[in-house]
Amino acid sequence: MTTVVSEAVMPGVASRRKLLQASVSCLCSEAGFSAVDEISLETLTEMMQSFITELGHSSHLYCELSGRVEPVVGDVVMALVSMGVKHSSLESYAQRGRRLVLPTPTQAVATKQIGILQTGQKRPHPSHIPDHLPAFPDSHAYVQTPTHKQPITDYETIREKASCQKRDVERALTRFVAKTGETQSFFLVEDLTHYPLIACKPMEKPFLAALLPRDQTFEEDEAAVHMQKQEEANAEAIKAAKLDQEKENNELMDNLGPNGSLMEMSNSEPFIMENPFIRPVKMPLTKKKSSP
Amino acid sequence: MDKKIPKIKREKVPERDNDVSNSSSLSVSGPTIPQRPYKLAHQILSLTGINLQTKSVIGFVELTLLPQKEFRQVFLNAKQCRIYKITLNDNLELQFQYFDPTQEICSDSSTKSLEVFTPAHQEAVSSTDPDANLGELIIRIPSEAQHLMTEGRSLRIGIEFSLEQPAGGLHFVVPPGEGTLAERCAHMFSYGWENSARLWFPCIDSFSEVCTWKLEFTVDASMTAVSCGDLTEVVYTQDLRRKTFHYVLSMPTAAPNIGLAVGPFEILVDPYMQELTHFCLPPLMPFLRSTARYVHETFEFYEELLGTRYPYSFCKTVYVDVASKDCSSFSTLSIMNMELLQSTPYLEQTYTSRNVISIAVAEQFYTCFLSRQGWNDAWLTQGISSYLSGLHMKKLFGNNEYRHWIHQELDEVIKYEEEVGGIILDASKPPGSAVPTSGGGQQPIRSPDSFHFWPHSAHTVTPRHARIMRKKAHLVLRMLELRIGQPLLIQVFNKQLSLAVQASQQKCQANQWGAMLISTATFAKAIFTVTGKDIGVFVDTWVRQGGHARFQLSFVFNRKRNTVELEIRQDAASGAQPARGLRRYVGPLVVALQELDGTFRHTLQIESSVAKNDLTCHSKSRRNKKKKIPLCTGEEVDMDLSAMDADSPVLWIRLDPDMSLLRAVEIAQPDYQWQYQLRHERDVTAQMEAVTALERFATPATRLALTDIIENENCFYKVRCDAAFCLAKVANGMVSSWAGPPAMLMIFRKLFGSFSCQHIVRQNNFANFQHYFLQKTIPVAMAQLRNALGVCPQEVLRFLLDLFKYNDNTKNRLSDCWYRGALIEALGNTASPVVAVVAQSASALTPESVTKETHQVLEEVARALNLEKLLPTYKFAVTVGCLRTIRKLQKCGQLPSKSDLFKSYAQYGQFHDVRVAALEALVELVKADSRMADWEFLLDIIESDPEPRIRHELLIMLASNPPFERGRGSRLDTIPVMDRLWKLMNTELSHDAMLRNDIVDLYNCLYGRRKPPCLSGAMYQRVAEAPPTALESAEIPGLTHRDSLSHMDMEVSVPGSGFGEDGMSVASVEVVAGITKEVLVQQTVTDTESTTLDIGGFSDTSQSLPGLGVDILKKLKRKKEKKKHKHKHKHKHHREKKEKEKADKDRQKEDVTALSSESSGPPSPDMGLTF
């Protein structure tokens, strides 16, 4: 009569509920019923269970309330009282005559655990872990098992492999480009199978390609970096000057009308720098000169 | 606005000074030259419309003159300019005449010979020579203006002019592509050969006419104009689209020292020296940063050395694309080639870059600040700046490098002088009577006739001559240093500079500016005042005369008297007709004798062409005592003395060890002495000489000595590299007795093999730079090894391929691009000529037919070349190596010699180094295969390439490796070709003296000084008529063949490599004589077009030539003889049916191809006999 689900959830629940159901059935037959619907029985069992649970819970609370660990009869009585159950007739009810007695439930045979293939030695718990905690799983679950060959650390082979790989990559790349683009040949007959050469085309700025090589990148050397830092200060100054200049230019565009104001602005230039090349550009000396 | 500032200046000009005795206007060329009746005080140069798109410039110059006396004409220099208007004092318009005689040198071009051209060129140049107060532009001062100059006030002559697409003087670089000019990195700069400022603005274009300057350049707002002097301000134009750069140069400066560069430059202010500013195109900023890092050190070095502050307040360096020279120096401005930019991973470049920078800075002091009087004094400015930079190099790179360099320069000078003629540094005066050499005989060195050009003017001298002259000047100054001592010489410089600084602060009227010019006379005087020594004799000997000495030293040890009997001969220089470039030397000469007891120097007095001296030895032979032997440096070393002569205590002998003379030395001493010299002499020059000498002695002892040197870590790396090449030659010499692995293999493995497995090269680590050079050189040298069969041993090739395979640069801080380039070149060196008697035609060479070795080489080359397209290395170093290797393979007949590959790499739009390498290959191809199409390709580049530098370098290559020999009737030697060259030389290159004189050199190589043979017509005439007698005579080939064979033997045995071509062209000559004639007949019949016909057909025969020895040649001869007879019948047949000739032409061509012979043979058998 129990559901499969509950059985799966907790193994002890099934037998307890079975007994409960039996006792509910007994009570029903005492009350004169000869048959009971499955649903009704379930409901009654449920009611009975919640009642007992509630009763146990309340008694436990009462016992704790009075500073004890184990409940006594008084606690149960108090619980019954608080649940609104009359307990005076309880004793006589227990002594009733046509009481059915349920047989003592037999001990269920413990199901044997299915043997799991065990490999390796299980590790014993370290001293700080209590024994009751689950044991370590099989060693293969956490220990790395070498399943491949020993890597080769031989210098010679490594060099060999590295160079082969590099050359293969290079060859594949160049062949691909050669086969997808225009080619030249060492020989009189153009053919793609032997030594295809990527055609040489004129560049727009050959000097840039030549002076900014791409075959390898190097770390920037320290001295150059140092110099760059020193220079960055200058660069910032230039930028600031340029910004200023631009701002001024914009203003100038707006104010092209009055001549005098422009003169003042270029005179009030705050930047006086060491190097004349990073000095800001001056504004023309206006139309004053050109008009007369 | 432009004219505002000059107006202010003008008012400042005070009273004139009548003193004319100022040396600045004194011309050294002789008293006949008229002095300028006025002095130049100030000049304004204003270029308002610099347009990079249209490559045009609009400008204005104003010269402020101080009249000394009345004059009616003003001569100025101007070329290419269109002059709109000339005004006097802004209001009076002046009449002017413009005539440039250099536009057409010879109007009569009937002879087209250098004999005619050279004097005419000389006359044309000197008729506008500013030093003689002449010029292209003659301005008349009208009589109504005469009163202006009598008052002694200054006159201002203003000239408005424009330049449109100037062919010289200014170079515009405008790369094609998208974007604005600034984004495309368009820029322009001025360049020129010596005094060539006239090409871009009218001026007095002389180094001796100095004045102050005001310079204004209006450029696009995105551009920066960099020029001489101090930048006073930058002002926007009214429309704010352009800006004007105002420069003021208050230091008196000559017009040729004015330069300009305009472009979208990035500005880098030197963080160490605020006065220094560097410029480059934007993407190259990181490189500029690391290149500019040490410029300030150079300045500091010179300032400290000369005890003089840098005379100007600013200095600028601009890096531009393909400058015509590595560096052009202008006052306060150096325009450098962009290729000098480098950064730390590319350390090898540092040697070149720092050298150029150091010369550039030295030229700021000497050339720009201290200018010269005339061309005859140019040796001083050039020599002193080279000398100073030499001292700097010595400090930077060490004494070994310096001495090696001096030795190299000396060799170059000697080689040039013996080939072309003695260089006279200063020809203004004949050497004085005090010259002791006059005793022996007439010294013909002075006659300029020995040159095919006029050597005494900057504009007629060939660039090669000028380059060597500079080296010679440097050597002469170094010799002077040895005579008077470095501190005193520096003191002289210091005095000159400080006088000049004083003078420069004076006004023009004070007539002091002459102190800013140096000349031979003032220099000698300055030396006299400082040191009290008269260098008159020295100047007469080495400066006013050309040529050098050549000593042959031999000696015998006299056991009885314990003396060395020396004999020093100067045979070539003595006699009535001394050899070219040689001169007999009379005077002291140092001989250094290394004996067992130490080095002893003896100073001999050489008085005649054969000098015999007995030198007493200091040490008895006593080698049993096992004592250490002291060297010239004072250190004592152990030597293994078993090799030497048991009686003689002499270990080795050196002549003039300090290079204190311009001399060539040939010392005859036995091989063990050379070996001792190589091992134990501490002077690198002596070691180099020993290495060179040991090539002749292929013995195990030499091998051991060379091996020891290569392995010796204390030895100078260049000596070690040279020793590697020498060892390769020695190993080839003793190929039959060589035991063990190929030479140097073990050394290389020991030095560069990995620890665990020596056959794999270590991962690159170039931290030890000397090892780097060695690692780069040894494979190249090893590739030259040959086994007994004359091919490169398998083992070496495998070794080289392994180097490629295992090359790993990932852990290296330096780039391996040059190393890889060198490896590729080494692969080329492994190629040896194909030994095949059967002439393979080009079509027979297919990818399938190549040998296994060639296949491996080609694979490697193709991969490297392709990879370079995708991941270019610095300066395409690998591509350059690939191109050279391809050409070498072609030469050896392992690849068809086809030119289109090289042509594509030689075209405009490739990087300069790549183009040069491709052009080198093409020049060789043209010489070997004589294909007209290739030759025309080269001529086109000469005529119209946008880069003057490439044209110049191509011309130099052609002149040193001419495509055909004079008068041999090569099919390239045609009248149209000659016409093109003549036209270029005569009329088209008036704007570029450098190129024009390069062509003079080439023309001389191709046609000699006389009328070109192809023009004389006789030869062609005869061929055209084809007299039957000529054909008959060809049928008796006995004599001719013998001649050709003996000639061939010579050809084959002399050059070690590349004899393929030389041999073949000769070999085929005789055999094909008959055919050639025929072909030529056709040529004349069917007009010149047929020339191209027969060219395409037989191209690549030369490479497959048997160049191995007489036996093979004889076989070949027999074979070809047969063929020839067959052909002759055919020919007769043709003659009978002349009307059918045209129809048969194609067939005949096939015949020729089948015979696979070149038609470069002489057109008639008579000519053939002239070998």
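Read from the N terminus, chain A runs α-α-α-α-α-α-α-β-β-α-α-α-α. That gives eleven helices and two strands in chain A. The model is a predicted one. Of the 292 residues in chain A, 23% count as buried. Among the contacts in chain A between residues at least 6 apart in sequence, 35% join residues at least 24 apart.

Chain B has 38 helices and 31 strands. Buried residues make up 62% of its 1171 residues. When contacts in chain B with a separation of 6 or more are taken, residues 24 or more positions apart account for 73% of them.

Within chain A, begin with helix H3, where Met48(A) has its place. Leaving aside neighbours within four places in sequence, Met48(A) is in contact with Leu20(A), Val24(A) and Leu27(A). Ser25(A) lies 23 residues from Met48(A) along the chain, and the C-alpha atoms of the two are separated by 11 Å.

Helix H3 (38-65) also takes part in the packing of helix H4: the buried residues of H4(A) pack against H3 and against helix H5 (90-94) of chain A. Which residues of H4 are buried? In this helix, residues 73-83, they are Asp75(A), Ala79(A) and Leu80(A). These residues lie on the same side of H4(A) because they cover an arc of only 135 degrees around the axis. Just after H4(A) comes Gly84(A), with a positive phi of about 80 degrees.

The next step is from chain A to chain B. The axes of helix H7 (residues 155-180) of chain A and helix H21 (residues 852-870) of chain B come within 9 Å and cross at roughly 70 degrees. H7(A) and H21(B) are therefore roughly perpendicular to each other. On the H7(A) side, the residues that meet H21(B) are Arg167(A), Glu170(A), Arg171(A), Leu173(A), Thr174(A), Arg175(A) and Val177(A). Their counterparts in H21(B) are Glu859(B), Glu860(B), Arg863(B), Asn866(B), Leu867(B) and Leu870(B). By class, the contact of H7(A) with H21(B) has seven charged, four nonpolar and two polar residues.

What does Phe186(A) contact, leaving aside its neighbours within four places in sequence? In chain A the partners are Tyr195(A) and Leu197(A). In chain B they are Leu858(B), Val861(B), Ala862(B), Ile886(B), Leu895(B), Pro896(B), Lys898(B) and Leu901(B).

A last stop in chain B is a loop residue. Ser324(B) is found between strand S18 (315-320) and strand S19 (327-330). Is Ser324(B) buried or exposed? With a relative accessible area of 9%, Ser324(B) is buried, because buried means under 20%. Not counting residues up to four places away in sequence, Ser324(B) touches Tyr191(B), Arg949(B) and Met994(B).

Terms used
Residues are numbered from 1 along each chain as its sequence is written. Chains are lettered from A and ligands numbered from 1 in the order in which they are written. This is a predicted model: local features need pLDDT of at least 70, side-chain atom pairs count only at pLDDT 80 or more; totals for chains, interfaces and linings use all residues. Side-chain values use heavy atoms; hydrogens and water are left out. Buried means under 20% relative accessible area, exposed over 50%, partly exposed in between (1.4 Å probe, protein chains only). Helices (H or I, at least four residues) and strands (E, at least two) are DSSP runs, numbered from the N terminus. The arc is that of the directions from the helix axis to the C-beta atoms. Contact means heavy atoms within 4.5 Å. Axes are lines fitted to C-alpha atoms, for helices over the stretch in contact, and angles run from 0 to 180 degrees between N-to-C directions. Angles under 35 degrees count as roughly parallel, over 145 as roughly antiparallel, 65 to 115 as roughly perpendicular and the rest as oblique. Ala, Val, Leu, Ile, Met, Phe, Trp, Tyr, Cys and Pro count as nonpolar, Asp, Glu, Lys and Arg as charged, and the others, Gly among them, as polar.
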